Amino acid sequence: MTPDDRAQKAAEKMWQQDHASQWMGMELTHIAEGEAVMELTVKKHHCNGHGMCHGGVIFTLADSAFAFACNSRNQVTVAQHNSITYIASGRLGDRLRATATEISLTGRSGITDVQVTNQAGVLIAEFRGLSRSIKGTVFDEA
């Protein structure tokens, strides 16, 4: 199995059980070893009292992309610490894209950066996730 085949199979298995990302309207549009792209079109129910995309929605989009990138090697991996910096507002109708890229993987600890942009390429947020591998695999490779 190639690394990208493994990433695809892990993503398919995770997506089957990721009811939160599906419920929010996210789509997984790219997966490879150590990387993932999740997209979301901002709907009315994603907006806060200022008419902007709620920061928690942006965080969740980035966190979901982070999760798929971290688990792409078929090793169960969870978040240890995440942080986000908001740079611009997401707006109703925007197509947000969270691009996760693994920066470092040493032993059981990883660092993954996620950039959230809109359809025009405007940077909306920068997210950094620290991950930790735990026991288990996403799917059985036997």
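Two strands count as paired if DSSP finds at least two bridges between them. Helices (H or I, at least four residues) and strands (E, at least two) are DSSP runs, numbered from the N terminus. The model is predicted, so local features need pLDDT of at least 70 and side-chain atom pairs count only at pLDDT 80 or more, while totals for chains, interfaces and linings use all residues. Residues are numbered from 1 along each chain as its sequence is written, and side-chain values use heavy atoms, with hydrogens and water left out.

With that settled, on to the sheet. Six strands make an open sheet in the order S1-S2-S4-S5-S6-S3, and the pairing is antiparallel. Strand S1 (27-32) and strand S3 (77-86) sit at the edges, each pairing on one side only. On average, neighbouring strands here are turned by 20° against each other, direction ignored; axes are lines fitted to C-alpha atoms, for helices over the stretch in contact, and angles run from 0 to 180 degrees between N-to-C directions. Helix H1 (residues 3-17) packs on the sheet and touches S1 and strand S2 (35-41), where contact means heavy atoms within 4.5 Å. The direction of H1 makes about 150° with that of S1.

As for S3, nine bridges join it to strand S6 (residues 123-133) in the antiparallel sense. Take Val78: its bridge partner in S6 is Arg132.

Next come the aromatic rings. Rings of Phe, Tyr and Trp (its six-membered ring) pair if their centres lie within 6.5 Å; planes under 30 degrees apart count as stacked, over 60 as edge-to-face and the rest as tilted. The whole structure turns up three such pairs. Trp15 and Phe68 make a tilted one, 6.1 Å centre to centre with 50° between the planes. This pair links distant parts of the chain, since Trp15 is in helix H1 and Phe68 in helix H3 (residues 55-70), 53 residues apart. Trp15 is partly exposed at 24% relative accessible area, whereas Phe68 is buried at 2%; buried means under 20%, exposed over 50% and partly exposed in between (1.4 Å probe, protein chains only).

Phe59 and Phe127 pair edge-to-face, 5.3 Å centre to centre and with 65° between the planes. Here too distant parts of the chain are linked: Phe59 lies in helix H3 and Phe127 in strand S6, 68 residues apart. Phe59 is partly exposed, at 26% relative accessibility, but Phe127 is buried, at 2%. Ring pairs also tie Phe59, Phe66 and Phe127 into a cluster.
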